[in-house]
Amino acid sequence: MSVQHLLELVDVHRTYQIGESTVQALRGVSVTIEQGEFVAIMGASGSGKSSLMQILGLLDTPDKGDYLLLGQNVNTLSEDELSGLRNNVAGFVFQQFHLLKRMSIVENVRLPHIYSGIKGDFRKEALERLRQVGLAERVDHTPNQLSGGEQQRVAIARALVRDPLIIFADEPTGNLDTKNSAEIMKIFKGLHEEGKTIVMVTHEKEIADYAGRVITMRDGVIISDEQRTGSVPARSAEPLAGFEIHGPAKVSLWQDGRFIGFMAQAFQAILANKMRSFLSVLGIFVGVASVIAMMALGEGAKAAMQEQLKSMGSNMLSIRGGSAKIRGAAQGAGAVARFTAIDVEDIAELTTLVKNATGVVNGSARMVYGNKNWSSSLTGVGYDYGTMRASTPTVGRWFTREEIQKRDKVAIIGVTVVKELFGNTNPIGGTIKINRINFTVIGIAPAKGFSGPQDEDDVVLIPVTTAMYRVLGKDYLSGIFVEVTSPALIEQAKSTISELIRKRHRLQADDDSFNIRDMTEIQKMLSSTTQTMSVLLGSIAAISLVVGGIGIMNIMLVSVTERTREIGLRKAIGARKGDIMLQFLVESVGLTISGGLIGIIAGIGVSFMLAIFAGWAVKTSVVSVVVATVFSALIGIFFGLWPARKAAELKPLEALRYE
């Protein structure tokens with residue numbers, strides 16, 4: 001029956017390519033290490049001692065040969081499986097300490113637990129390990145507040161926190177003075193006496209003397225392997241039978257608490273470089289604020305359009321006299337088809353299709369009030385015109401049926417006419433002359449603003465009968481407005497009314513002496529215009545978001561480069577590719593969402609300012625806020641993916657050596 005060793009290398013070779021030259025670091029090395037041993041590996045620079053320890057510590061893999069851990073071959077493991085194995089069986093103490101400066105020493109010590117797949121905060125275990133190395137009084141300090149010897153003690157505590165099978169120490173006293181070196185070695189000696197297996201690389205004989213076994217290397221081979229007289233390996237009380245190098249099945253990120261740990265560390269990294277993070281967030285902040293403000297402008301324009309259509313009458317038909325052609329010469333509008341009140345009554349009787357119908361007559365008016373005069377457009381209207389065209393006065397009243405029937409001299413004037421004739425005086429009840437005829441003002445038409453170049457508020461409304469027979473001297477209408485019962489019936493109503501008019505006026509089917517127009521074309525035109533404007537404004541804002549995303553990517557790439565050693569450390573203590581990738585993605589998304597949330601507030605604020613100071617129609621929608629938030633998160637993922645992947649692909653050994 002073969003003896004099972006803790007660690008065993010069999011004819012291991014390792015070659016490195018440095019530039020154009022090839023370096024053979026290990027040349028057929030075979031060695032065994034038993035549980036409880038304290039082994040020192042010595043040799044001059046370039047002898048292969050560090051390469052040997054890196055393979056033993058699962059940071060590197062041999063080109064040739066076998067590496068057995070408790071009799072099981074680790075050469076077949078994937079990179080992520082090696083990471084998990086390092087987290088479970090190895091504790092590392094480096095010459096450069098490799099402590100994360102932005103974290104307290106407690107956070108540094110419990111770092112390996114984030115990648116362990118075990119739920120919990122493990123602060124208690126970290127404090128216990130710090131007490132074990134004599135730093136119980138310094139737990140709230142950061143690495144920058146500690147001496148070199150104290151930082152190395154923190155590194156030892158970190159190596160111990162997962163209670164590993166083996167501690168690997170690479171020149172643990174290389175950066176320390178004699179006093180601190182002695183204190184560190186005293187800690188290692190105590191750990192060995194407790195049963196820990198220690199593999200240490202050193203070039204100092206005094207340090208190697210602490211070990212029970214000294215392996216000396218030269219030119220990639222072992223030239224001596226000495227067991228010190230009287231040195232007996234310390235035996236662990238716990239047997240290792242049944243140890244499985246593949247470890248337990250992988251646990252969900254959400255169940256084992258790793259994701260929460262990644263989030264905490266991501267925000268620590270963001271806050272560690274406040275100015276850089278602020279500049280990164282600024283791009284997303286401007287982009288999201290632009291999206292919110294631009295979409296609010298688009299929605300406001302759409303809402304204003306809908307109000308305008310409502311005032312025009314979205315189910316409205318306008319019937320006007322056409323331009324008949326006689327012997328090739330076009331006659332004036334209404335030259336053939338002249339509508340009368342009977343036409344209006346006949347159309348109104350189509351009750352299944354028509355809700356309301358009213359005739360109008362148009363002309364011009366010269367108005368005088370006191371010593372002021374003004375020219376405006378005059379419209380004679382029927383009783384239903386007010387509700388059909390949203391013209392019912394908010395100040396004053398609409399015409400009564402009796403006033404229309406009796407051809408009374410009453411008028412409703414627009415706000416522009418009020419301003420020009422009455423100024424700040426109340427016009428209700430006042431008498432004005434319209435084309436030298438006295439009229440009593442009974443109402444002020446609601447403000448409608450401009451429709452193209454025409455001022456919709458520069459208007460005078462009088463009863464249609466008064467306009468025809470008292471003011472303009474016409475016996476026919478300029479046109480008829482028809483309100484259809486439903487938008488779906490507009491085409492049917494147009495066809496039926498057209499047939500009715502042709503029959504009454506005895507017109508041929510191809511005679512174009514009248515025309516019927518609806519608001520559909522205007523609606524489509526306005527909708528298309530506002531839609532185009534919204535898309536244009538949104539696109540401009542989206543471009544600024546993309547530019548902000550590129551800024552995030554640049555910052556994350558710089559961060560990956562700056563934190564290469566940190567990535568190497570995380571991988572050495574058990575971080576898998578996915579862990580590193582997720583952590584950098586969390587940082588990237590954290591930056592973009594932070595900028596997004598600030599941008600949402602700013603965007604809503606800008607929208608209100610545009611509404612108040614510029615008088616623009618704006619309408620902030622929940623959809624725009626959700627879209628901006630989701631888009632900022634997607635920007636963070638998209639532009640953070642490459643830097644995160646670049647970080648995840650780094651080899652632990654190469655990352656730790658990065659200058």
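Student: Why is Arg-153 called buried?
Tutor: In this predicted model, Arg-153 has a relative accessibility of 17%. The label "buried" applies under 20%, so Arg-153 counts as buried.

Student: What makes the contact between Arg-153 and Glu-183 a salt bridge?
Tutor: Look at the distance from N to O, which is 2.7 Å here. The rule asks for a side-chain nitrogen of Lys or Arg within 4 Å of a carboxyl oxygen of Asp or Glu, and with 2.7 Å the side chains of Arg-153 and Glu-183 meet in a salt bridge. This pair links distant parts of the chain: Arg-153 belongs to helix 6 (residues 148-160) and Glu-183 to helix 7 (residues 178-193), 30 residues apart.

Student: Is Glu-183 buried, partly exposed or exposed, and how do you know?
Tutor: Its relative accessible area is 28%.

Student: What about Lys-205 and Asp-209: what makes them a salt bridge?
Tutor: Their N to O distance is 3.6 Å, and the cut-off is within 4 Å, so the side chains of Lys-205 and Asp-209 meet in a salt bridge. Lys-205 has a relative accessible area of 54%, and over 50% means exposed. Asp-209, at 37%, is partly exposed.

Student: Which residue does Arg-504 bridge to?
Tutor: Arg-504 forms a salt bridge with Asp-346, where the closest N and O atoms are 2.8 Å apart. Arg-504 is in helix 17 (residues 490-504) and Asp-346 in helix 12 (residues 341-348), so this pair links distant parts of the chain, 158 residues apart. With 34% relative accessibility, Arg-504 counts as partly exposed.

Student: How many salt bridges does this rule give?
Tutor: The count comes to 24. Some are joined up: Glu-79, Lys-571, Lys-577, Glu-649 and Lys-651 are linked in a network.

Student: How many aromatic pairs does the structure hold?
Tutor: Seven. One of them is formed by Tyr-385 and Trp-398, with 6.5 Å from centre to centre and 10 degrees between the planes.

Student: Why is the pair of Tyr-385 and Trp-398 called stacked?
Tutor: Planes under 30 degrees apart count as stacked, and the planes of Tyr-385 and Trp-398 are at 10 degrees. Tyr-385 lies in helix 13 (residues 385-388), while Trp-398 lies in the loop between strand 16 (395-396) and helix 14 (401-405), so the pair ties together parts 13 residues apart in sequence.

Student: How do you know whether Tyr-385 is buried or exposed?
Tutor: Compare its 10% relative accessibility with the limit of under 20%: Tyr-385 counts as buried. Trp-398 is buried too, with 12%.

Student: And what makes the pair of Trp-398 and Phe-399 tilted?
Tutor: The planes of Trp-398 and Phe-399 stand at 55 degrees, with the ring centres 4.9 Å apart. Stacked needs under 30 degrees and edge-to-face over 60, so this pair is tilted. Phe-399 is buried, at 1% relative accessibility.

Student: Which residues form one aromatic cluster?
Tutor: They are Tyr-385, Trp-398, Phe-399 and Phe-481. Arg-389 lies over the face of Phe-481, at 4.5 Å from the ring centre.

Student: Where does the charged end of Arg-338 sit?
Tutor: Over the ring of Tyr-476, 4.4 Å from its centre.

Key:
Residues numbered from 1 in each chain as written. Predicted model: local features only at pLDDT ≥ 70, side-chain atom pairs only at ≥ 80, totals over all residues. Heavy atoms only, no water. Helix = DSSP H or I, 4+ residues; strand = E, 2+ residues; numbered from the N terminus. Buried < 20%, exposed > 50% of the residue type's maximum accessible area, 1.4 Å probe, protein only. Phe/Tyr/Trp six-rings, centres within 6.5 Å; stacked < 30°, edge-to-face > 60°. Lys NZ or Arg CZ within 6 Å of the ring centre and 35° of its normal.
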